[in-house]
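Q: Hi! Could you walk me through this structure? I'm new to it.

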Amino acid sequence: MGLYLLDYGAGNVQSLANSLTELGHSFTWISDASDFDKATALIFPGVGAFQSAMEGLENRGLVEPLKAYLQSGRPYFGICIGMQALFESSHESSSPGLGIIPAVIERFDDEDKAVPHIGWNLAHLVYADEDSHGIDDNAHYYFVHSYCAKYDPVKYPAAAQWAHTTTQYGRELFISSIQMGNVFGTQFHPEKSGAAGLRLIDAWLRRPESSSVPRNPPALTPRLGNTLTKRIIACMDVRANDEGDLVVTKGDQYDVREKAPASSTLAPKTAGAVRNLGKPVALATRYYEEGADEICLLNITSFRHSPLQDQPMLAVVRAAAECIFVPLTIGGGIKDTVDPDGTPRSALEVAGAYFRAGADKVSIGSEAVYAVERLRASGGNGKGAIETIADAYGRQAVVVSIDPRRVYVDPGTYDGVHSDEIVHDDDGKAWWYQCTVNGGREARPLSVVQLAKGVEELGAGELLVNSIDRDGTGLGFDLQLIELVKKSVRIPVVASSGAGTAKHFVEVFSATETEAALAAGIFHRREVGIEEVKTTLREARIAVRM
């Protein structure tokens, strides 16, 4: 088979390449228009914004050759943007689509749910008696998108004829895969959907060409409620030790060096050394095999030169992406920088390097605080890291990591600027949450609510909410903090800091509407396992991917 992959110039296409290599399939990248004539099968993977994808194809002169390929009858597999591009247009963009499917891509409403739609969801076959094309009706697949093709045979009859599976999110039903003739596509990412996704890709590559004809779609699939699962994320703080090797570490209140007790016989070489809990790629692989829904790598080493010159971290991302087939988030140094030789590097360029290495999302920390401060001071003049990356890759590719701490006040006398954000407990204590930068070492006047709303306005697609007060305590997540942030925004929220037992995950999902929960140290030290967490959640009737 002459399998070709189409890269429109942005987004993490490396993940699909890694999946094909894992499955033992060879492929060639489309380098120019003439390659379409050589292809006997074509996959168009895409992560990002509709407009940047279509403009990328147009600028490379690939739109018309791609249309000709689609009309040739040869197999085509579009993933995410590769599926959406088949439609006439998208509300996300002024650029036209390929026009193969006479319908429009629309944005999810956020009245009853967070947008983007991020996480593991089901894909139900529209025609139960037809070839499934490798899709398992009982498996969960990974979605990450803000726009979709709505499924409504009455309102959108043309699009409904193409529907192969549908998926429920909140009260909305959308087309999660399409199939007609030689054309197949998925809104979800099989290359990031673990074993089920790999099986789907392999099945498509091994099947004969399809010759199905237009069908009369059934009435609306019964709405069974939201089928999105809660996500369990394994996070690794990565930094260089004193020998220059990258290790996974964890500390109390961000202090990651070993301490020697007063009456210790601890060797001087160990005392004061960076705590080493394992190698990043080895741990990432272990967590993937244990069932983590996502992996997060945070580079907490100050860059000696620039993020783009930090080749060891880029190498870690490349190596991890080759052996884990769930989403990978990378954080640390995603900002505008200047190389030692004076060469300016934009945050978009830095993020692009990590996406090309295999990351699916980037995490922005301190820079997000400064960006919101500028937004509030100037009314939003100019574009920073969040906006530029979201414009190019879609807001779902941008995670903002926030590090607030409690500032206690007298509940009877405080009437400051944050009086409407005061949290109370049963002991009569009251506080607001102040944002920090530089790993919690520097406080800023911004509150957590101001920051959360600000980054949502700038284009962030997800919030990772840490708690300096709970970090490393094992006392459980800061439920008041998570609920406060969750009520302030309409984008997904990831709870972090404080998990000590599997029951703490049950607590945070039961007490708040958070979409995901993250842990680090308890997983690294094997105090709690990912499978134990998911089993405990399932016993509590909280939906998870097993």
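The chat below goes from the whole chain to a sheet, a helix and a single residue.

Q: What should I know before I start?
A: This is a predicted model, where local features need pLDDT of at least 70, side-chain atom pairs count only at pLDDT 80 or more, and totals for chains, interfaces and linings use all residues. Residues are numbered from 1 along each chain as its sequence is written, and side-chain values use heavy atoms, with hydrogens and water left out.

Q: Thanks! How many helices and strands does the protein chain have?
A: The protein chain has 17 helices and 28 strands. These are DSSP runs numbered from the N terminus: helices are H or I with at least four residues, and strands are E with at least two.

Q: And how much of the chain is buried?
A: Of the 546 residues in the protein chain, 60% are buried. Buried means under 20% relative accessible area, exposed means over 50%, and partly exposed is in between (1.4 Å probe, protein chains only).

Q: Now the sheet: what is the order of its eight strands?
A: The order is E2-E1-E3-E4-E13-E12-E11-E8, in an open sheet with mixed pairing. Two strands pair if DSSP finds at least two bridges between them. At the edges are strand E2 (28–29) and strand E8 (124–125), each pairing on one side only.

Q: In which sense do E1 and E3 pair?
A: Strand E1 (residues 3–5) and strand E3 (residues 41–46) pair in the parallel sense, over three bridges. Leu 3 stands opposite Ala 41 in E3.

Q: Switching to helix H4, which of its residues are buried?
A: In helix H4 (residues 63–70), the buried residues are Val 63, Leu 66, Tyr 69 and Leu 70. They cover an arc of only 125° around the axis, so they lie on the same side of H4. The arc is that of the directions from the helix axis to the C-beta atoms.

Q: What covers them?
A: The cover includes helix H2 (35–38), E3, helix H3 (50–59), E4 and E13.

Q: Last topic: what does UniProt list for Cys 80?
A: An unreviewed UniProt entry lists Cys 80 for "binding site". UniProt positions are given in the numbering used here, feature names are shortened, and annotations may be inferred rather than shown by experiment.

Q: Where is Cys 80 found, and is it buried or exposed?
A: Cys 80 is found in strand E4. Cys 80 is buried, with a relative accessible area of 3%.

Q: Which residues is Cys 80 in contact with?
A: Leaving aside its neighbours within four places in sequence, Cys 80 is in contact (heavy atoms within 4.5 Å) with Gly 46, Val 144, Thr 186, Gln 187, Phe 188 and His 189.
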